[in-house]
Amino acid sequence: MHTASYSWAVIGAGPAGIAAVGKLIDHGIDPKTIAWIDPEFNVGDFGTKWRNVSSNTKVKLFIKFYEECRSFQYFSSNHDFEITKADPENTCLLALAAEPLQWITHHLKNTVHTIQGKVQQLKLFDRHWDIALKDRQLRAKNVVLATGAEPKSLTFPDVEEISLEVALDPDQLIAACNKDDIVAVFGSSHSAIIMIKTLVEKCNVKKIINYYLEPLRYAVYFDDWILFDDTGLKGNTALWARENIDGKLPTKLERILSSEENIRMTLPLCSKVMYATGFQKRLIPVEGMKSLQYNERNGIIAPGLFGLGIAFPEAKYDRYGTLEYRVGLWKFMEYLNHVMIVWLQYGV
């Protein structure tokens, strides 16, 4: 049986996958030699799971992402996207940011070779990457993994868990709680504060216990850089946290340092628990590799195999020496602007 062969395969059609396809075309790769693989082509988790989440990215940076790749042809979209009416200096619901991304996806799908499915395994053979799906196999000289990440979960099986997907959607979270619930929230990130805010303002629960490890961080904007850009709270979430957590704590909210002793004493009081403790990369088995370790400065996993997006973020020191992992649409694009020239030269 003939196995189709491509110069590049991009696995994943979330924002990072979209950026990778766009930049490859902009760098002169023939679109007909690019295979784009995804189960849905609905902008990944960004476009399906997190639509009702408030972003921590300003609207103007989403717009900058859409305009960065010539191949996106965003200027010729002739669409009156809702995000263009939003304040460019403010944040917005991710649903607004996802709408143009879905349009760009449809445009790129008509340009490259698309395969709807889930990759089962990668194998390096004869200076190509063999890519196995459930119903077919293909080959590519180079592969970009933009596979996204899954929320991490802690192991407290005696307390009912509310998934992050439900917890970050106000309507679903309201439906998941009742007036007798004592709800535990682990974390103090952007996601955790959104969850706590919804619980305080919209959910009729008895009590909220927030387990945290360190004080809140807030992003601070300077002329040409942002302090705590990747770890600090931003936008309306930051405003709420300043007033209600570092200000006057709401009556039914208690914050507890997340130590083993404190958890042992107080978690049994809780009827439900939510975790905002980070993400772990979705793994695609690669023959001969135990784990997908990557170079945090250039995304190289192996010759001809590269990682991009929330699963493979760029590590970068700010000007005060703090190491942060850069996650966000514009950050993925900015990263590609630096590393694509390396990727084009580092094949098998």
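The second largest pocket of this predicted model is lined by Asn-52, Val-53, Ser-54, Leu-168, Pro-170, Ile-194, Lys-197, Thr-198, Glu-201, Lys-202, Asn-236 and Thr-237. A pocket here is an open set of points on a 1 Å grid over the protein atoms alone, where a 1.4 Å probe fits, with protein on both sides within 12 Å along at least five of seven lines; lining residues have an atom within 4 Å of a point. Its volume is about 220 Å³, taken as the space filled by probe spheres set on the points, which are joined across faces, edges and corners. Two elements give two or more residues to this lining, helix 7 (190-201) and helix 8 (235-244), and helix 7 provides the largest share, four residues. Helices are DSSP runs (H or I, at least four residues), numbered from the N terminus. By class, the lining has four nonpolar, five polar and three charged residues; Ala, Val, Leu, Ile, Met, Phe, Trp, Tyr, Cys and Pro count as nonpolar, Asp, Glu, Lys and Arg as charged, and the others, Gly among them, as polar.

Turning to the cysteines, a search of the whole structure finds zero disulfides (pairs of cysteine sulfur atoms within 2.5 Å). For Cys-92, the closest cysteine sulfur, in Cys-69, lies 19 Å away, which is too far for a bond. Cys-270 is likewise in no disulfide, with the sulfur of Cys-177 nearest at 12 Å. Cys-92 is buried, at 7% relative accessibility, and Cys-270 also counts as buried, at 8% (under 20% relative accessible area, with a 1.4 Å probe and protein chains only).

Residues are numbered from 1 along each chain as its sequence is written, and side-chain values use heavy atoms, leaving out hydrogens and water. Local features need pLDDT of at least 70 and side-chain atom pairs count only at pLDDT 80 or more, while totals for chains, interfaces and linings use all residues.

Definitions and conventions:
Buried means under 20% relative accessible area, exposed over 50%, partly exposed in between (1.4 Å probe, protein chains only).
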